[in-house]
Amino acid sequence: MTLTELYCLMPIVITGCAALFVLLCGPLLLSSSLTAIGVTASAAAGIWAAFTAPAPIQCIPGLAFTPLAQLLIPLFSFAAALTLLLSHGYNERRILKGEEYPATVLFALFAMCVLPCATNMLILFLALESVSFAFYILVSMDLNRAESGEAGLKYLLMGAVAAAFTAFGFALIFTGSGTLALSAALTRPENRAIISAGWGVLILGMAFKLSLVPAHLWTPDVYQGAPSPVAAFLSTSSKVAAAALLLILLGHFPPMAELRVPLAALSVLSMVLGNLAALRQTNIKRMLAYSSVAHMGYLALALLTGSRDGYAAVLLYGAIYTAMNLAAFGAISSLSFEEEREQITDFTGIGFTAPVRGGVLALAMISLAGIPPTAGFIGKFFIFYSALKGGIVPLAVVGILSAAASAYFYLRVVAQLYMHRTESPAPKPVGFAEGLALCAASAAILIIGVYPGPLLEMVETALR
Amino acid sequence: MTSLIPILSLLIFLPLAGALLVFALRRSASAARWLALVFGVAEFVLACVPLAIDRQGGAQVGVPTGFFLYQDHGWIDRFGIRFTLGMDGISLVMVILTAFITIVAVIASWKVKERQGLYLSLLLALQGAVQGLFLSLDLFLFYLFWEAMLIPMLFLIGVWGTGRPVYSTIKFFLYTFVGSLLMLLAIIALYLMHGAQTGSYTFALPALMHTAVPYQLGLWLFGAFLLSFAIKFPLFPLHTWQPDAYCDAPVAGTLMLASLLSKTAAYGLIRIAYPLFPEASRALTPLVYVVAVIGICYFAWVAFAQRDMKRMLAYSSVSHMGFVALGIAAWSPVAVSGALMQMVNHAITTGALFVMVGMLDERAESRDLSDFGGVWGKVPVLAFFFLVFNMASAGVPGLNNFVSELIVLVGVFKVAPAAALGAFLGSVLTLIYTVRLVQEVLFGKESKPTVLAEVSLREGSVLVLLAVVVVYLGVHPGPVLDLFKAPLELLLNK
């Protein structure tokens with residue numbers, strides 16, 4: 001192993017070691033120092049990755065520090081660090097003790113760091129499943145709430161089926177291309193049918209991971225049951241990881257005409273049904289879950305273009321969506337004390353009694369609705385830009401109309417926060433760690449909203 | 001001309017900075033009030049500065065003709081999105097109008113009881129967005145401000161509104177948002193088309209004007225723009241959000257909605273939609289005539305049936321906006337300058353009337369016509385101003401609305417006599433409900449006696465300010481019309 005290679009592998013090493021260290025030394029340390037270690041390790045991995053030039057790695061087969069990793073590892077690290085900051089207070093209030101929690105978050109991050117580095121289908125699959133595996137545990141972590149365990153079980157059962165589909169898809173693509181290494185993949189015309197079949201099965205598995213209709217049914221239950229910070233992490237990073245997997249594969253097995261119809265169907269159904277179902281929710285976590293279905297529909301729309309612009313829009317939207325949902329779930333989690341505050345009516349007047357958290361939640365809603373000058377608008381703009389450029393006009397119109405309908409349920413939360421006369425009792429003041437996380441997420445929403453240039457450039461570099 | 005001081009950016013960022021400062025000082029209501037007023041006045045002074053500079057200016061390289069102030073900065077370079085601001089006569093008048101109305105709104109909000117700091121801060125933020133919209137020469141930037149206006153407005157109605165504020169605010173928001181999103185698609189489509197034709201991908205409005213748009217597609221794109229602008233205008237039959245929003249909004253909110261936000265739509269039609277799609281707009285002109293005339297007559301008729309004064313004014317306001325639509329549809333120099341003049345006059349008159357209804361509401365805690373009567377005898381000063389503004393609104397010669405409505409009618413009569421005739425009938429209807437309003441409120445017999453207080457110094461100052469403008473524009477509209485002349489020539493002869 002050369003020094004450069006070690007240098008490139010450092011984000012993976014840092015997160016892996018931190019996960020093990022937290023797990024092994026956890027019993028000896030205070031919970032606050034565990035959080036601190038976790039946040040530091042995530043931040044270190046993210047910063048390290050951001051400033052490392054892409055390079056191949058010879059010593060470990062199937063790994064390379066790709067341009068994509070340079071973008072995604074910092075993004076995942078940001079999400080993990082924020083999740084840890086958010087869960088510190090949340091877990092204390094919910095009496096979720098122990099080192100397992102931060103260790104599992106770090107383990108998930110470790111797997112997420114590996115995923116964009118993969119140059120081999122097996123590593124890709126292992127990384128993706130490791131991410132899911134960590135989430136099975138995280139979702140069911142809250143032993144005090146029956147829903148949490150139930151959600152974990154649901155997620156595990158559905159996830160296992162999806163994993164089987166994904167594995168089968170990889171197996172078929174392997175059969176068709178004759179190699180596991182992505183770069184060496186041969187797509188001989190006579191094998192095209194097998195590869196297409198592989199894609200078909202793989203898309204099913206990925207539809208589950210991305211919660212695209214009709215494979216979305218687990219989403220509301222799992223988001224509702226999971227501890228809120230976990231839901232934040234799950235709804236953002238795991239989705240971006242799945243989208244990244246698709247991008248990596250599409251880069252090596254160019255988009256096939258056969259993929260268009262199923263992907264278009266998944267996209268339209270998700271945009272329309274996701275938004276329609278969200279309209280009817282009274283529970284904010286379920287509402288966000290359905291809205292996440294719709295947002296993944298937008299992502300699928302951009303993927304469908306099969307163009308670089310579309311892929312750039314996917315990455316950009318992934319990053320923006322991460323900031324938005326972290327802010328939304330973060331605000332919800334920091335407002336949950338003895339009682340989980342999850343009915344939309346529980347938030348009456350919170351905008352005035354807890355201005356910071358109410359403001360962050362309102363900002364997240366406005367951004368999710370795609371109203372400028374927030375990041376959500378920029379994200380939506382590039383999605384629809386790529387769709388129009390890719391010539392899928394009818395889908396873009398459907399998407400934009402469903403986006404318009406979505407404004408209603410996001411605004412309902414804003415209205416609940418600020419526009420009702422009766423006020424719920426003031427929540428306790430926000431803790432430092434949670435406040436920091438919320439500020440970071442909101443800052444990201446506003447900065448990207450006003451000045452998206454740098455992020456765009458990073459996305460462009462990542463696709464090179 | 002690019003001046004040393006970036007006046008155009010300052011016009012946008014000064015109110016935004018004011019909003020932040022006022023927000024920071026929101027704990028002290030009086031500090032917030034005075035600070036908001038200071039920022040309002042400062043903005044007005046700044047807006048008037050271009051009046052003093054040489055507006056002819058030699059054309060400079062890279063500056064679109066007709067714009068005497070121009071600023072251009074890179075923003076999202078990858079997509080050719082730039083922070084481009086420009087000012088010609090039209091935007092100059094709109095910017096001054098915005099600054100003026102905001103001062104009126106701040107003073108009219110002097111007695112807001114709850115969370116006044118936040119209220120004023122939102123008002124200033126809204127002003128910043130409106131100014132940005134009037135100055136944008138980049139279509140992306142225009143859209144950004146167009147949508148960003150919604151956020152402060154949403155809170156102004158929702159938090160401080162009366163009646164059914166949440167219902168009204170969400171209705172208002174959804175209507176405008178749906179229209180805007182389709183406009184966004186149209187903007188992107190135009191951008192892509194221009195890029196494909198010329199190889200330069202840009203959102204710059206002057207460049208996009210030279211895009212060759214196929215007729216059929218042009219109809220769709222123009223339709224999307226028209227829909228979006230017609231909703232905010234509001235044109236019949238897309239107006240149903242408007243009476244609710246106008247009625248339930250607090251005074252300053254109604255003022256901003258009626259006086260400024262509806263003008264942003266008219267401005268969009270004049271600056272963007274018509275010049276961008278000349279063919280399509282000509283094809284759809286009969287449609288605009290029809291909805292404009294229906295609007296003028298129908299809303300005047302509906303206004304007549306109202307008992308709630310604010311609701312009556314809301315309908316009266318859209319009825320008058322019909323003249324703006326009519327003038328734009330005729331697309332001739334006379335008609336459009338009349339439409340622009342009507343935009344200014346409507347903003348002043350309607351604004352003044354809403355402020356006065358706010359005053360009456362504050363005093364009698366009612367807006368029902370039957371709760372008033374004999375106001376003339378009780379509070380003569382207030383009644384006098386009420387009469388003046390109503391006369392202006394009805395189009396009495398010598399006051400401002402007369403001038404602009406006449407110009408519009410003259411302009412339209414040349415190209416579409418039937419439409420002009422319809423509009424004329426509508427203005428007769430206006431006279432009927434105005435006379436009834438004035439008669440019942442000022443001279444009628446009241447059902448239950450109410451004690452009304454005379455206007456205070458603060459209120460009086462606003463009313464005098466508005467009345468002076470009403471009379472000035474009524475007798476001497478020349479200078480304002482002159483400002484429109486050159487830019488209109490450029491727009492119409494594109």
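This is a predicted model: local features need pLDDT of at least 70, side-chain atom pairs count only at pLDDT 80 or more; totals for chains, interfaces and linings use all residues.
**Exercise 1. Describe the contact between chain B and chain A: how many residues take part, and which elements of chain B give two or more of them?**

Next, look at the area. About 3,400 Å² is buried between the two chains, and carbon and sulfur atoms give 83% of that.

Now turn to polar features. The interface of chain B and chain A has two residue pairs in polar contact. On the side of chain B that touches chain A, the elements giving two or more residues are strand S1 (69-76), helix H5 (139-148), helix H6 (150-160) and helix H7 (165-198) of chain B. H7(B) supplies the largest share, 15 residues. Sorted by kind, the residues on this side of chain B are 29 nonpolar, three polar and three charged.

**Exercise 2. Find salt bridges in the model: how many lie between chain B and chain A, and how many does the structure hold over all chains?**

Begin with the general idea: side chains of opposite charge can pair when their charged atoms come close. Between chain B and chain A the count is two salt bridges. One of them joins Asp309(A) and Arg78(B), with the closest N and O atoms 3.6 Å apart; this passes the cut-off of 4 Å.

Then widen the view: over all chains there are 23 salt bridges. Among them is Asp221(A) with Arg286(A), where the closest N and O atoms are 3.0 Å apart. Asp221(A) sits in helix H8 (residues 218-225) of chain A and Arg286(A) in helix H11 (residues 284-304) of chain A, so this pair ties together parts that are 65 residues apart in sequence.

**Exercise 3. Work out how helix H14 (residues 355-369) and helix H17 (residues 432-450) of chain A pack: what is the angle, and how far apart are the axes?**

The angle between H14(A) and H17(A) is about 35°, and their axes are 10 Å apart. For the handedness, H14(A) passes H17(A) in a left-handed crossing. Finally, check who meets whom: residues of H14(A) including Val360(A) and Leu363(A) meet residues of H17(A) including Leu438(A) and Ile445(A). The residues of this contact divide into six nonpolar, two polar and one charged.

How values were computed:
Residues are numbered from 1 along each chain as its sequence is written. Chains are lettered from A and ligands numbered from 1 in the order in which they are written. Side-chain values use heavy atoms; hydrogens and water are left out. Buried area is the accessible area (1.4 Å probe) that two parts lose on being put together, summed over both. A salt bridge is a side-chain nitrogen of Lys or Arg within 4 Å of a carboxyl oxygen of Asp or Glu. A polar contact is a pair of N or O atoms within 3.5 Å; within protein, one must be able to donate a hydrogen and the other to accept it, and residues adjacent in sequence count only if both atoms are side-chain atoms. Helices (H or I, at least four residues) and strands (E, at least two) are DSSP runs, numbered from the N terminus. Ala, Val, Leu, Ile, Met, Phe, Trp, Tyr, Cys and Pro count as nonpolar, Asp, Glu, Lys and Arg as charged, and the others, Gly among them, as polar. Axes are lines fitted to C-alpha atoms, for helices over the stretch in contact, and angles run from 0 to 180 degrees between N-to-C directions. A crossing is left-handed if the near helix is turned anticlockwise from the far one by less than a right angle, and right-handed if clockwise. Contact means heavy atoms within 4.5 Å.
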